[in-house]
Structures are given as C-alpha cells and as structure tokens.
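Subject: Structure handover

Hello,

Here is the structure for you to look at. My notes follow below it.

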Amino acid sequence: LPSLSDCTSVERLPKAPTSSLRTPCVLPRQRLWPGRRWNSSFWRREYGAMSWKCRSRAPLVESDLENASALDEVAEVAEFVDYMRVVQFHDASCEEDQGLAFPRFLLFDWPVFYLAA
C-alpha cells in the first residue's frame with residue numbers, strides 16, 4: 001500500500017503535455033467541454049444499472065486500520081446517486097459531526113471512463 005507524503009504545490013500549465021504525464025498539473029478551463037453536462041442525473045441515466053463497490057475510504061494507505069473498508073458496499077450507480085442526493089440535502093455543508101448519520105462514500109476506481117472511450 002502507498003504511504004502518505006507531504007503536500008506540494010501543483011504546476012499550472014497552459015495545455016496538457018504531449019508526453020506521458022508523470023506529475024499532477026492544473027489546466028485552464030476549456031470552453032464548451034462536454035463533461036460540464038456530466039452531473040448526477042447524467043450518471044444515473046446512463047450508468048444507473050451498473051454495479052460498483054462504494055468505498056468509505058480510498059485509496060487505502062499503509063497507516064489505515066485493519067477494518068478501514070468495513071463500510072464498503074456494492075451498489076448500483078442509481079442507488080449511489082440517490083444516496084449522494086440525500087446526503088447533499090441533509091448535510092450540504094459536509095459537517096464532520098454528520099459523518100455518522102450520513103457516512104460518505106465514493107465510487108473508487110470506477111472504470112466508466114475507460115469503458116466509454
């Protein structure tokens with residue numbers, strides 16, 4: 001498992017490098033980028049029936065406890081989007097003390113971008 005490292009600044013580039021990307025970078029916003037329409041309704045409509053593991057912590061690192069994935073659950077994307085909307089409605093500020101009532105999950109390592117290419 002990877003370990004945590006120090007925080008560092010991320011370089012801003014005018015365009016994506018032509019060679020393989022070895023470090024993170026920030027690129028300027030593209031005008032009329034199709035991804036701007038990829039909201040939760042899009043994911044629910046296009047991939048709602050697809051099942052994937054919802055993780056409460058990812059990626060795991062070497063300092064994680066043995067039961068760090070105890071809350072992980074397989075769900076359909078439509079169920080994940082519905083839950084995400086409930087959390088957004090009841091805890092829009094993402095308060096830490098609401099984490100027990102509304103645990104946070106993510107679709108870690110979801111291959112949809114590879115499948116759609």
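First, a definition: rings of Phe, Tyr and Trp (its six-membered ring) pair if their centres lie within 6.5 Å; planes under 30 degrees apart count as stacked, over 60 as edge-to-face and the rest as tilted. By that rule, a search of the whole structure gives eight aromatic pairs. One of them joins Phe-42 and Trp-43: the ring centres are 4.8 Å apart and the planes stand at 80°, so this pair is edge-to-face.

Before the rest, the ground rules. This is a predicted model, where local features need pLDDT of at least 70 and side-chain atom pairs count only at pLDDT 80 or more, while totals for chains, interfaces and linings use all residues. Residues are numbered from 1 along each chain as its sequence is written, and side-chain values use heavy atoms, with hydrogens and water left out.

**Aromatic cluster**

Phe-42 is buried (under 20% relative accessible area; exposed is over 50%, partly exposed in between; 1.4 Å probe, protein chains only), with a value of 16%. Trp-43 is buried too, at 15%. Tyr-47 and Trp-110 make another edge-to-face pair, 5.9 Å centre to centre with 80° between the planes. Tyr-47 sits in helix 1 and Trp-110 in the loop between helix 2 and helix 3, so this pair ties together parts 63 residues apart in sequence. Helices (H or I, at least four residues) are DSSP runs, numbered from the N terminus. Trp-110 is buried, at 13% relative accessible area. Ring pairs link Trp-33, Trp-38, Phe-42, Trp-43, Tyr-47 and Trp-110 into a cluster.

**Helix 1 against helix 2**

The axes of helix 1 (residues 40-47) and helix 2 (residues 77-90) come within 8 Å and cross at roughly 160°. Axes are lines fitted to C-alpha atoms over the stretch in contact, and angles run from 0 to 180 degrees between N-to-C directions. The two helices are therefore roughly antiparallel, the term for angles over 145 degrees. The contact (heavy atoms within 4.5 Å) is made by Ser-40, Ser-41, Trp-43, Arg-44 and Tyr-47 of helix 1 and by Val-77, Ala-78, Val-81, Asp-82, Met-84 and Arg-85 of helix 2.

**A buried Asp**

Asp-91 is in the loop between helix 2 and helix 3 (112-116). Is Asp-91 buried or exposed? It is buried, with a relative accessible area of 6%. Leaving aside neighbours within four places in sequence, Asp-91 is in contact with Gln-98 and Arg-104.

Best wishes

Terms used:
Parallel < 35°, antiparallel > 145°, perpendicular 65-115°, else oblique.
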